[in-house]
Amino acid sequence: MSMLAIDKGGPSRKVKYGSMSRDRTWALRWSYFFLVLFAAFSLIPPIYMLITSLKSSAEISAATNPWWVFHPTLSNYFELLTSNQFLRFFWNSAIVSIVVVIVTMLISIPAAFALARMKFWGSATLATGVFLTYLIPDSLLFIPLFKMLAVIQDFTGIALLNRWYVLLLIYPTLTVPFCTWIMIGYFASIPKELDEAAIIDGASWLQTLMRIFIPVALPGLIAATIFAFTVSWAQFLYPLVFTTSVDQFVLPVGITTTLIKGDVFNWGQIMTGALLGAAPPLIIYAFLMDYYIAGLTAGATKG
Amino acid sequence: MADVALRKVVKRYDDVEAVRGIDLDISDHEFIVLVGPSGCGKSTTLRMIAGLEDITDGDIMIGGDVVNDVPPKDRDIAMVFQNYALYPHMTVAENMSFGLRLKHYPKAEIKARVTEAARLLDITDLIDRKPKQLSGGQRQRVAMGRAIVRNPKVFLFDEPLSNLDAKLRVQMRIEIKKVHQKVRTTTVYVTHDQVEAMTLADRVVVMNKGRIEQIGTPNELYHKPATRFVAGFIGSPAMNFIPCRLEDAGGKLNIRLTDRISFPLPPARAARYNVLPRTEKLLLGIRPEHLTESHAHLEPGVETFDTVLDVTEPMGMETLVYFGLEGTPVCGRVDPNAGAKDGAPMRLAVDLNNMHLLNEATGAVL
């Protein structure tokens, strides 16, 4: 985003006389330097993945230049995209992530609205508490969560462990606190008079939320959606713990468990799977980013 | 449309008493302005009428019904906020019709009302724009339009012009007055600007420290202030307060300002103030327009004195002159051709027919 903003301002800014513009030019040069550095740093791994995914296993294990493809092939892509197993992982991931995003929004938005606007006893403490739960790492939580679900499964007889849908219960523990926190921030930035105007206009709390707050805080909503989707899509530890059968796996676990057999790494397919797996978040970013920025600037003008 | 009544209304936040027992009767069609310095409780009072703040004690009645526990949407009021509070994602028309749409009015009636209000406020061309495409003045018109289409019992304005520049403020002030003359809805208007209060109000309520200092028409407040606070708050430049005492001089009652300056009071004033103890510490309240240059032919009750001016401020149609009377700064208004100069001596005339006498300790106008 910051790259975008500077790109737009950059070319039109011609050198002017005076120390202010000289300072500015230098600041711009430095920012370009670090941005290029940063871009290279973060782009090299995916480029390496792309190169490797286009190679056959023989070429990967041959001691040739790893940064060049001598005999490009799409066989890795073909094999993965025709493999029922891989498509199953993809499907599981998609369902889990989409449902988790929906569940997260259904919980976070009303929660954030209540915490930001309905000043009830303990609301401030509760808001901080919501955020604190996010700070507890999942590596600490997975064992107690597992025990908890096991007890529930024994008690109710509902199969939860080793089922992909258990992730629908688990992931929101990661996404809801953070999304609620983001939304509290966005809702708090909406002027108080706006909901007062709505209340006087005859809107109920729910109508104020649906017809004023959600449209006005749409950039925040999109940020939260992107976050929730990314977290669910990339989550590794929980699905590794809670699912054990191949047909219940989501993409990150599926790729690493089925494409690494013993000490044999099927690098070509691993890289292909990872690239294909990175595609959906990338597409969502690309689509929502424009809207996100447009929304940001629209919200910036005074209510 | 309806009358509004406040009975011993109190608002307390924890330890702070923001509003300390207010009684106010606002009749139907009336334009009432609550005015006072910041923190005087005027906005809180307005918000209590709106139902946006709970009241700690007392009763608020709209149209004869006690509305203490009635939610804002059922009070049939409309409010215009200082920062407009337009819904940024809706067009002007959608903003204005939001309340009506929530109440499921027929589409045709909504359209008719919005069109009528837009015509009244001269914003017909802006009807499809979003708030961010409007200037401050246009936004404020839309905010008023949103209030008008609802056709409520009471309009509430919370410092609606404070965000506008000075020129636009004067223009919108006139617009608001015109709109009120047309729709005649009972209006409660909050401002800290006494000029706005004077120009708009049928009656002005001057508030200070959570209490009502005085209620009256603009002229009453100007000419017959009840307290030092009102006397000093209404009018610009503010009224001068000069320490003084009464003394008897040869069967007449004099008012002594300094060792040098003492005036005989006009007969009507002398009769009124004669009962006061001569030892009491008093303040002479005199407005700058009653401190002018001296003429050859002075009316009865107008006395002259000589002073040396500190500073003069030429305003065009008048010149403000500042001087000191034993350390008390005093302001007068003289004719621009009277020859007032910084640091120059000048003979001034004080019109004692328009004087006020205040008790220095209590601030009461005697």
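1. What share of the 303 residues of chain A counts as buried? The figure is 30%. Keep in mind while reading on that this is a predicted model. Chain A is built from 15 helices and two strands. Of its contacts between residues at least 6 apart in sequence, 75% join residues at least 24 apart.

2. A word on confidence in chain A. The mean pLDDT is 85, with 89% of the residues at 70 or more. Helix α5 (residues 84-117) of chain A has the highest confidence, a mean of 93, while helix α1 (residues 2-9) of chain A has the lowest, a mean of 42. Residues 1-13 of chain A stay under 50 in pLDDT, and the model gives them four contacts beyond four places in sequence. At the other end, residues 299-303 of chain A are also below 50, with 13 contacts beyond near neighbours in sequence. Where pLDDT is low, the predicted coordinates should not be read in detail.

3. Next, the annotation. An unreviewed UniProt entry lists "domain: ABC transmembrane type-1" for residues 90-288 of chain A. In the model, that span is 78% helix and 2% strand, and its end C-alpha atoms lie 21 Å apart.

4. UniProt, again in an unreviewed entry, also places "transmembrane region" features on chain A, among them residues 30-51 and 120-143. How much of residues 30-51 of chain A is helix, and how much is strand? The model has 100% helix and 0% strand there, with 31 Å between the end C-alpha atoms. Residues 120-143 of chain A come out at 75% helix and 0% strand, and their end C-alpha atoms are 34 Å apart. The record's other stretches under this feature name are residues 89-114, 164-188, 208-229 and 267-288 of chain A.

5. Have a look at helix α11 (residues 205-216) of chain A. Its buried residues are A:T208, A:L209, A:I212, A:F213 and A:V216. Because they cover an arc of only 130° around the axis, they sit on the same side of α11(A).

6. On to the contact between the chains, where 19 residues of chain A meet 20 residues of chain B. On the chain A side, the elements giving two or more residues are α10 (192-200), α11 and α15 (267-300). Which of them gives the largest share? That is α10(A), with six residues. By type, the chain A side divides into ten nonpolar, five polar and four charged residues.

7. Chain B splits into domain 1 (4-225) and domain 2 (240-359). The centres of these two domains of chain B, taken over C-alpha atoms, are 41 Å apart.

8. After α2(B) comes B:H104, which has a positive phi near 55°.

9. Some backbone details in chain B are worth a check by eye. Most residues other than glycine have a negative phi, and most peptide bonds are trans. B:H29, in the loop between β2 (16-26) and β3 (31-35) of chain B, has a positive phi near 70°. Is B:H29 buried or partly exposed? B:H29 counts as partly exposed because it has 15 C-beta neighbours inside 10 Å.

10. B:R184 also has a positive phi, near 60°. Its place is the loop between α5 (166-183) and β8 (186-191) of chain B. With 13 C-beta neighbours inside 10 Å, B:R184 is likewise classed as partly exposed.

11. Last, the peptide bond between B:S236 and B:P237 is cis, with omega about -5°. B:P237 is part of the loop between α8 (228-233) and β11 (240-249) of chain B.

Methods:
Residues are numbered from 1 along each chain as its sequence is written. Chains are lettered from A and ligands numbered from 1 in the order in which they are written. This is a predicted model: local features need pLDDT of at least 70, side-chain atom pairs count only at pLDDT 80 or more; totals for chains, interfaces and linings use all residues. Domain bounds come from an automatic or database domain assignment. A residue is buried if 20 or more other C-beta atoms lie within 10 Å of its own, exposed if 12 or fewer, and partly exposed in between; C-beta atoms are placed from the backbone. Helices (H or I, at least four residues) and strands (E, at least two) are DSSP runs, numbered from the N terminus. The arc is that of the directions from the helix axis to the C-beta atoms. Two residues are in contact if their C-beta atoms, placed from the backbone, lie within 7 Å. Ala, Val, Leu, Ile, Met, Phe, Trp, Tyr, Cys and Pro count as nonpolar, Asp, Glu, Lys and Arg as charged, and the others, Gly among them, as polar. pLDDT is the predictor's confidence in each residue, from 0 to 100. UniProt positions are given in the numbering used here, feature names are shortened, and annotations may be inferred rather than shown by experiment.
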